[in-house]
Amino acid sequence: MKRNLRCCLLFCCIAAFLITLPFITPTRSLATEMLIFAIFALGFDVLIGYTGLLSFGHAIFFGIGAYTTGIVLVRLVPSLFVALIVATALSLLASYVVAFLSIRKKGIYFVMITLAFCQMFYFIGFKWTDLTGGDSGFHGVPRTSFGPVDLNSETALYFFVLAVFLLSVLLAFRIVNSPFGRVLKALKENEDRAKSIGYNTTAFKTIAFMISAFFASLAGGLYAVHSNFVPIDTLSIETSGDVVIMALLGGIGTLYGPVLGAMTVVFLKNFLSSWVGNWNLILGGIFVVSVLTVRQGIFPVIFGKIKEKIWVRKQPQRTGPEYPKRPL
Amino acid sequence: MGLQFIGVQLFNGLMLGSFYVLLSLGLSIIFGMLGVVNFAHGTLYMLGAYAAYTICYVFSQNFWLALAIAPLAVGAIGMIVESTLVRRLYSVPHFYNLLLTFGLMLFLEEGIRVVFTPIGKPFGTPPSLAGSVDLGFMFFPKYRLFIILVTAICTLAIWLFLARTKIGSIIRAGTDDSEMVSALGIDISKIFTLVFGIGAGLAGLAGVLAAPVQNVTPEMGSSILTETFVVVIIGGMGSILGSIIGGLIIGELITLGVVFWPPVANTLVFVFMAAILLVRPRGFFGRAKFFE
Amino acid sequence: MRNLFFAVAVLVLIAAAASAAEPVKVGFISVLSGPLAPIGQSELNATRMAVEDAGAVLGAKPEVYPKDHQYNPGLANERAKELFEKDKADFIVGCSNSAAALAVSDQAARHQRIFMSTSAGTTDLIGKNRYTFKLNYNDYMLAATLGAWGAKNLGKRWYTITTDYAWGHDLLKHFTGALKAEGGQHVGNDMVPVNTSDYSPYILKAAQAKPDVLVLLNVGKDAANSTKAAAEYGLKKSVKIMHALLFELDIKGTGLDTFAGDYTAAPWNWVVNQPGTKEWADRYYKSYGDRPTFMAAAAYSATRQYLEAVKRAGSKDTDKVIKALEGSTYRDFFVNPGYIRPEDHLEVAKAYLLRVKQPGQLKEKEDYFEVVGELPAEKAQPPVGIFKTLK
């Protein structure tokens, strides 16, 4: 009974927070941007937190999502639904190709290859001026209505993105708490053992990579509509690095961690960079300290402390070993 | 587009390749021994250039002094970083150290922006090395030949160090199995620090050499980092010969690409990398241990 | 009787308070941090000066809201949204970086406020939408001025070195057009990746082509590196060099000997002989310690022009101010005169040819340039219709 009450309370708090967010932040569009990157980080957590793969190239899919959406809206069909479908489909294709070339490599090596691919896609975007606008960026992305909803007002766009965000959270939750998700966790812990049981770990890793690319491109598409413009740095290594930082600071493997991490980083970046020119100094410093000390992420630690203070539960005393001792 | 022009470009490619050789040597040694992918490697290169700037322009006017001191200074910084920060993460999965160095890269780069202003610093060719040398079929700037020469000497020195000295053999053994080396009673942690210092020093040396030729800006490190990674991927992680050959290939590829095929010049390197990954996934000389 | 008197007094006071003027909010976006910060900062200084000088507009002193875009178009987009939505700016001025200016222009159209682009060069801003006004220089003007004057005075064989990004491409396109119109010969071009520090291969190629003039379609660090290489390989002895954009900042940073004798085009410089220039430049120098760039002068002029238009229109209402600006001719030390074309909201004014002095010729601090020629507005600016028009 008490547990249900607590859950309800938590849910209400979260709902209240999300509904009032655009009115608390300095501008509505900042709140929308926070959610967009939360979607990005959510998908990224599936890859890094649940599959154990660190990619420094996810800006590729964010950028593909953004540019494709923009190009479809401006040059093909002014329908956001179609644009997002095409964007995510294209990004799934790209992620399959990238995964094919790199997923077999062990952790560290995989990181470097994804970084190199990110740079490659950046240069392609930079040079292919006819398609992307080059370093000028792709301008004039309209805010077409999604069904009956006119997205021109910042508030309307926020609630639309909120809806997409909630759907994404549900999707991510479903994925990680499914048999598929359990295999991912298994192979994160010990890939050889998973392989020996008979799982095609390469296939699972590829699918996880593609899932995270899907979320990234969805976020990218929303970003294009939100900004009415796609800058070239959506494809940059800095963007890839940003989502890594957001996920890590937030707490990988928790789903809520990277979401909160993304929202916090986007908020602070916007808020602080107008005052402090050297925002990267602070971010880099916090990141270094966090990697050294609170590796599991800032939010899990905070929530853990809150849980201790507020949600203390009395556990029945357990004596004796949980499992029978094995003979040596 | 005469022979002279092509000759000059080939030599320019060698010069650029030299930077990649020094950088990837350092990166490879650090990875080979410590298992750490040093994202801050480009930043160490940048620190080398700024150290040279400080020594040359703020204190004495002597480039040779800078050439001697700056790499040692950067090496010392590397050793400090290893012993205070990197060392703490050896017991956890490797990618945490990667992330640590990534955070350091952001922090140090911004720090240099604060200390030295974001505007780049001027750095002229040292007067004793100015001018061109007549190589018979073409003229080539003396300083660039100097870069190639210094890199060659350095690479030879590193090879001799690793192959012929006692510490070198400990390092080579530690690269294979550091626990075993430790079990034999050798203080492996000091060796780790030394190796990180050598890697950092090599990066710093590249930075000093690059200062008169490249722009000395806080961003110079991050822009060269990705290509350095490509060199290591192509040459093979942990392999010295791979770093050398990979570095020279990438240097030539970039230089010739920019001159002869500008539209795709930047992407050429990555396409080449993708091709190598398909054909020889370990790189030219990669060792099995690091991939499977 | 006394009560009536008080009541009336209170009513009058309330009425006065209600109609108390809301100040005009001047938004400013430019690069205020990073290597290009001095330019953005000079623009901001000038904008503030303009607001001071304009005095009360519609009964209140205008306010300046500066934002830093760090030379990043994505950030510029965000800042423009902030200015329009949070700060309720009536007008934005400035914005260096062509991609950033395009983004701000789109936001201006979305929010239906005025944007005066003074520090980006792309001709895509000309006639982009009715809310955008292009003042100061543009790439066509730079190219036409260099081409027209140079073909007549320096020689017919031209070699270009272009930085390989959107601005470079835009410049090259206009330059080749201008050169053809003047009967010049374009003997070669090199596309150089951004941030290249080693220009020796390109200089060597250029030398082989034996041009009369080497045109450097780049700015800032790229301009410095390319010129240094040209000097290093002795090219400057036989070939004249022209820069698309060259600032006192670049000369200060790299050294006068590198740039001595080079030519560049500009809509203004603090040494030109236009009435009011010396006074304004001296005022700026006294307040801020260095000489103003033409970016700063443009920001000052644009802000004054906007505020004067508001005064003329009698209101901040965007449509009324646009009507007041279109077709207006303005005279100050920066544009003498400057005419804002109603067809595409481009302000046309004349252009100057400047040459960098030799070391030893300087009469005072930052006296780097001398005027060697000028081009009337009809020749320097694009005719109506070459770019987008609004009708």
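Biologist: In which loop of chain C is C:Pro337 found?
Modeller: In this predicted model, C:Pro337 is in the loop between β11 (329–330) and β12 (338–340) of chain C.

Biologist: What kind of peptide bond joins C:Asn336 and C:Pro337?
Modeller: The bond between C:Asn336 and C:Pro337 is cis, with omega about 0°.

Biologist: Why is C:His345 called buried?
Modeller: C:His345 has 28 other C-beta atoms within 10 Å. A residue counts as buried at 20 or more, so C:His345 with its 28 is buried. C:His345 lies in the loop between β12 and β13 (347–348) of chain C. Its phi is near 60°, which is positive although the residue is not a glycine.

Biologist: What makes C:Gln112 partly exposed, rather than buried or exposed?
Modeller: There are 13 other C-beta atoms within 10 Å of C:Gln112. Exposed residues have 12 or fewer and buried ones 20 or more, so a count of 13 places C:Gln112 in between, as partly exposed. C:Gln112 also has a positive phi, about 55°, and is not a glycine. C:Gln112 lies in the loop between α4 and β4 (114–117) of chain C.

Biologist: How do you know which strands are the edge strands of the seven-stranded sheet in chain C?
Modeller: The order in this open, mixed sheet is β7-β6-β8-β9-β10-β14-β15 (chain C). β7 (185–192) and β15 (369–375) of chain C each pair on one side only, and these are the edge strands. From one strand to the next, the twist averages 25°.

Biologist: Why are β8 and β9 of chain C said to pair?
Modeller: Pairing requires at least two bridges. Four bridges join β8 (residues 213–217) to β9 (residues 240–243) of chain C, so the two strands pair. These strands run parallel, and C:Val213 has C:Lys240 in β9(C) as its bridge partner.

Biologist: Which strands does helix α7 of chain C touch as it packs on the sheet?
Modeller: Helix α7 (residues 200–209) of chain C touches β6 (157–163), β7 and β8 of chain C, and its direction makes about 170° with that of β7(C). Helix α8 (residues 221–232) of chain C lies across β6, β8 and β9 of chain C, at about 155° to β8(C).

Biologist: How is chain C divided into domains, and how many residues of each are in contact?
Modeller: Domain 1 of chain C covers 25–137 + 275–349, and domain 2 covers 140–266 + 352–380. Between them, 15 residues of domain 1 are in contact with 13 residues of domain 2. On the domain 1 side, α2 (37–54) and α4 (98–111) of chain C are the elements that give two or more residues. By class, that side has eight nonpolar, five polar and two charged residues. The centres of the two domains are 27 Å apart.

Biologist: Which residues is A:Ala219 in contact with, leaving aside its neighbours within four places in sequence?
Modeller: The contacts of A:Ala219 are A:Ile36, A:Phe37, A:Ile39, A:Phe40, A:Phe62 and A:Gly65.

Biologist: How many residues of chain A and chain C are in contact?
Modeller: Chain A contributes 19 residues and chain C 21. The chain A side has three nonpolar, 13 polar and three charged residues.

Terms used
Residues are numbered from 1 along each chain as its sequence is written. Chains are lettered from A and ligands numbered from 1 in the order in which they are written. This is a predicted model: local features need pLDDT of at least 70, side-chain atom pairs count only at pLDDT 80 or more; totals for chains, interfaces and linings use all residues. Two residues are in contact if their C-beta atoms, placed from the backbone, lie within 7 Å. Ala, Val, Leu, Ile, Met, Phe, Trp, Tyr, Cys and Pro count as nonpolar, Asp, Glu, Lys and Arg as charged, and the others, Gly among them, as polar. Domain bounds come from an automatic or database domain assignment. Axes are lines fitted to C-alpha atoms, for helices over the stretch in contact, and angles run from 0 to 180 degrees between N-to-C directions.
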